[in-house]
Amino acid sequence: MFKYFPTNYVWNLSINLAIEMGARIGEIEEMCGPLQEAAKSPDKEGVQAFRDTWAEMADKLCSLAEEDLALGRNLSAGFKYNRAATYLITCERIQAHGAPGRTELYKRSLDVFQKSIELGRENCERVEIPYEGTHLSALYVKAEGVEGPAPILIQVNGLDSSKELKYRVGLPQWLAERGVSSLILDQPGTGEALKLQGLHARYDTEHWASPVVDWLEQHEDVDSKRIGMEGVSLGGYYCPRAVANEPRLALGCVWGANHDWRDVQKRRLEKEGDFPVPHYWAHVEWVWGAENLEDFMRIAENVHLDGQIEKIKVPFLVTHGAKDSQIPLKWAHRTYDQLVNSPKRELKIFTEREGGVQHSSFDNSSNAGTYIADWVAETFNELKEQ
């Protein structure tokens with residue numbers, strides 16, 4: 001793990017994620033150099049300082065992109081908007097719920113990201129899936145080199161990630177190169193669903209997973225028999241729960257197991273383990289639509305996979321970092337041990353030899369992500385032959 005700040009795990013997590021999304025080290029130094037003292041400040045003051053310097057860098061990159069556009073240099077402009085969006089996503093992610101200007105900052109990150117996709121001519125399309133009278137937004141990445149319907153992997157967020165963050169980390173591109181399409185989803189409780197539409201997380205994830213599968217089945221470029229799901233971080237709970245209860249999902253995998261999130265919350269109340277974001281308890285209350293901490297802990301009692309994993313009857317991959325400081329490794333073993341009815345189950349622990357040992361491999365996603373992409377592509381091919 002790259003520890004720019006000696007004592008601030010949350011900020012170091014943010015920097016590592018930004019690097020995995022394509023941040024440049026010189027720009028990180030320019031943004032973070034002045035923040036050493038702020039990193040030791042209370043959350044409110046420190047987070048504001050972090051936001052200011054990262055948003056300023058985004059402003060500068062957008063200004064430079066406009067100069068490129070004036071010269072007709074669209075690809076160069078797209079690359080600068082790409083990093084500007086990454087820096088806006090990074091500083092917005094750690095703001096407190098209700099922080100002044102947060103919603104505007106988030107909307108701007110979406111606008112800049114979309115510019116980067118269009119100008120960069122990237123294989124990525126924003127789509128909207130009908131859901132409860134409104135929609136769920138997602139990014140669709142088409143498989144490369146496939147004629148006719150292709151298999152597709154639905155990818156779902158964790159507690160505080162977004163479809164744009166997951167797209168930039170790289171799994172959709174690695175899958176596309178292997179002939180697998182991607183649908184990166186802002187499911188309820190995350191991204192646009194939470195921040196713009198007020199759709200809170202729910203423990204019965206099949207409730208939103210089934211409409212997503214319904215929508216995919218209507219598309220002629222999707223092989224409806226080969227639709228799978230992946231989940232990162234808290235997605236390590238969301239995904240297995242959906243696969244256990246939505247029989248049309250043909251495989252599943254988790255990038256960081258999260259078997260018993262209710263237990264994790266109890267441990268965090270006792271200050272065990274690292275937190276992913278500042279203002280943690282206010283954040284989880286917002287995500288789950290809880291009135292207060294007591295109400296949140298009541299809701300969290302439902303967020304575990306005991307009694308669910310045994311229902312999974314399709315191939316399933318469980319991955320976990322050997323030094324995950326947020327979610328104990330024992331929960332990966334619990335998920336794997338309960339996959340007794342899966343025809344193909346695998347537990348992969350990422351060690352220091354291959355990297356990606358931290359939570360959901362945010363410290364080095366490359367080898368872990370391509371391992372997952374290989375397993376998914378190979379398993380989809382096996383299913384096609386059956």
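In the predicted model, tryptophan 261 is in contact with Leu159, Leu234, Arg268, Tyr280, Val284, Trp288, Phe296 and Val303, leaving aside its neighbours within four places in sequence. Tryptophan 261 is also listed, with Leu183, Met229 and Trp288, among the residues with the most contacts inside the largest nonpolar core, which has 60 residues. In soluble globular proteins, nonpolar side chains tend to be buried together.

Aromatic residues were examined next. The structure holds 18 aromatic pairs. In one of them, the ring centres of phenylalanine 113 and tyrosine 167 are 5.9 Å apart and the planes meet at 90°, so the pair is edge-to-face. Phenylalanine 113 belongs to helix H5 (residues 102-119) and tyrosine 167 to helix H6 (residues 163-169), so the pair ties together parts that are 54 residues apart in sequence. Phenylalanine 113 counts as buried because its relative accessibility is 2%, under the 20% limit. Tyrosine 167, at 2% relative accessibility, likewise counts as buried. One aromatic cluster is formed by Trp208, Tyr237, Tyr238, Trp261, Phe275, Tyr280, Trp281, Trp288 and Phe296. Trp261 and Trp288 of this cluster are also named among the residues with the most contacts inside the largest nonpolar core.

Two arginine side chains were found over aromatic rings. Arginine 83 places its charged end over the ring of phenylalanine 79, 4.9 Å from the ring centre. For arginine 345, the charged end sits over the ring of tyrosine 336, at 4.5 Å from its centre.

Strand S5 (residues 222-232) has 9 buried residues out of 11, so the strand is largely enclosed by the rest of the structure. S5 pairs with strand S3 (residues 150-156) in the parallel sense, over 6 bridges. Within this pairing, isoleucine 154 stands opposite methionine 229 of S5; Met229 is also one of the residues with the most contacts in the largest core. S5 is joined by 6 bridges to strand S6 (residues 249-255) as well, and these two strands run parallel. Here isoleucine 227 stands opposite leucine 249 in S6. From S5 the chain passes through helix H10 (residues 235-245) to S6, in a right-handed β-α-β crossover.

Another right-handed β-α-β unit is made by S7, helix H14 (residues 330-337) and S8. Strands S7 (residues 316-321) and S8 (residues 345-350) run parallel and are joined by 6 bridges. Threonine 319 has lysine 348 in S8 as its bridge partner. Arginine 345, whose charged end sits over the ring of tyrosine 336, falls within the residue range of S8, while tyrosine 336 falls within that of H14.

At 1% relative accessibility, valine 141 counts as buried. Beyond neighbours within four places in sequence, valine 141 is in contact with Asn123, Cys124, Tyr167, Pro172, Ala176, Ser181, Ser182 and Ile184. Tyr167 in this list is the partner of phenylalanine 113 in the edge-to-face pair.

Helix H6 also holds leucine 165, which is buried, with a relative accessible area of 7%. The C-alpha atoms of leucine 165 and isoleucine 89 are 7.4 Å apart in space, and the residues are 76 apart in sequence. With neighbours within four places in sequence left aside, the contacts of leucine 165 are Leu17, Met21, Ile89 and Arg93.

Positive phi angles were found at two non-glycine residues. Arginine 121 has a phi of about 50° and lies in the loop between H5 and strand S1 (125-131). Its relative accessibility is 64%, and arginine 121 therefore counts as exposed. Histidine 279 also has a positive phi of about 50°. The loop between helix H11 (261-269) and helix H12 (280-288) contains histidine 279, which at 22% relative accessibility counts as partly exposed.

Technical notes:
Residues are numbered from 1 along each chain as its sequence is written. This is a predicted model: local features need pLDDT of at least 70, side-chain atom pairs count only at pLDDT 80 or more; totals for chains, interfaces and linings use all residues. Side-chain values use heavy atoms; hydrogens and water are left out. Rings of Phe, Tyr and Trp (its six-membered ring) pair if their centres lie within 6.5 Å; planes under 30 degrees apart count as stacked, over 60 as edge-to-face and the rest as tilted. Helices (H or I, at least four residues) and strands (E, at least two) are DSSP runs, numbered from the N terminus. Buried means under 20% relative accessible area, exposed over 50%, partly exposed in between (1.4 Å probe, protein chains only). A charge sits over a ring if NZ of Lys or CZ of Arg is within 6 Å of the ring centre and within 35 degrees of the ring normal. A nonpolar core is a set of buried Ala, Val, Leu, Ile, Met, Phe, Trp, Tyr and Cys residues joined through side-chain atoms within 4.5 Å. Contact means heavy atoms within 4.5 Å. Two strands pair if DSSP finds at least two bridges between them. A crossover is right-handed if, with the strands pointing away from the viewer, the path from the first strand over the helix to the second runs clockwise.
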